[in-house]
Amino acid sequence: MSKPEMRDRLCIAGMCRNWQDIAGKYGLGVEIDHFCQAENMDGERGIRAKAELAQLVKQYDVRILHAPFNELHPAAIDPKARELAMYRLNQAAEIAIGFGIKKMVVHSGYVPFVYFKEWHHARSVEFWREFMADKPDDFRICIENVLDDEPYMLAEIAKAVGDERVGLCYDAGHANIVGKTAAEPGRDEWLEVMAPYLKHLHIHNNDGTGDFHDELMNGTIDIEGILEGVRDKCAADVTVSLEILNCENSLDWLTLKGYY
């Protein structure tokens, strides 16, 4: 079975300006960001957000929901903090599953100088196994790198969980800022290491000094190399979200390069 064309993998994140117009114009999948702030799942705010989502799933190909992440740490040392992470992420999963969204992005929650990597690995494996214990067979989570400074720990966590429903989300912009692995021309070590477990990617660009979510052609990240890596190394169900504040120029660039 041939792999899908890149245009069939592409999604637009809700953080992008005019994302609804762009999704409709280009026929892109959608990554919903409404619940990145956990309070948007509660009370009147939650009622409004879920009502809006009910309309969006009728209008667009909503493929992914981004779970909340502020102050949520799956490998937390404090049991109460761990309980909060489990509670909030279960809330998000219930929303996703209820609306037929089968893929959810979650942050790894790793904080350098707070968690030893051995601790973070062991506690993360425990957390994600417990979290997925009652989830449907067709529901997937994608653990995203944020402050993670190398890809190996995330890959080892996914491997140790041992559940095909638990994979990774490679955020190229985050890796470019905090990553400590040496870059080599024509090689993306993060993509290579994470590829066996990848289910989703966030692509945007920066110059390594800040998380600017800039256009694909503006920065030091080899976006074209990443997309070729997705074609060559990743499974057919791996999706790619544009997490760019202004998307249309990047879509023109993707068209010029033959990806759209």
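**Legends: a cysteine pair and its chain**

**View 1. The cysteine pair C16 and C247.** The chain holds zero disulfides, a disulfide being a pair of cysteine sulfur atoms within 2.5 Å. This is a predicted model, in which local features need pLDDT of at least 70 and side-chain atom pairs count only at pLDDT 80 or more, while totals for chains, interfaces and linings use all residues. Residues are numbered from 1 along each chain as its sequence is written, and side-chain values use heavy atoms, leaving out hydrogens and water. For the sulfur of C16, the closest cysteine sulfur lies in C247, 3.2 Å away and too far for a bond. Seen from C247, the closest cysteine sulfur is that of C16.

**View 2. Burial of C16 and C247.** C16 is buried at 3% relative accessible area. C247 is buried too, at 1%. Buried means under 20% relative accessible area, exposed over 50%, partly exposed in between (1.4 Å probe, protein chains only). Buried residues account for 52% of the 260 in the chain.

**View 3. The fold of the chain.** Ten helices and eight strands make up the count; these are DSSP runs, helices being H or I of at least four residues and strands E of at least two, numbered from the N terminus. Of contacts between residues at least 6 apart in sequence, 77% join residues at least 24 apart. Contact means heavy atoms within 4.5 Å.

**View 4. The extent of the chain.** Along the principal axes, the C-alpha atoms fill a box of roughly 50 × 45 × 40 Å.
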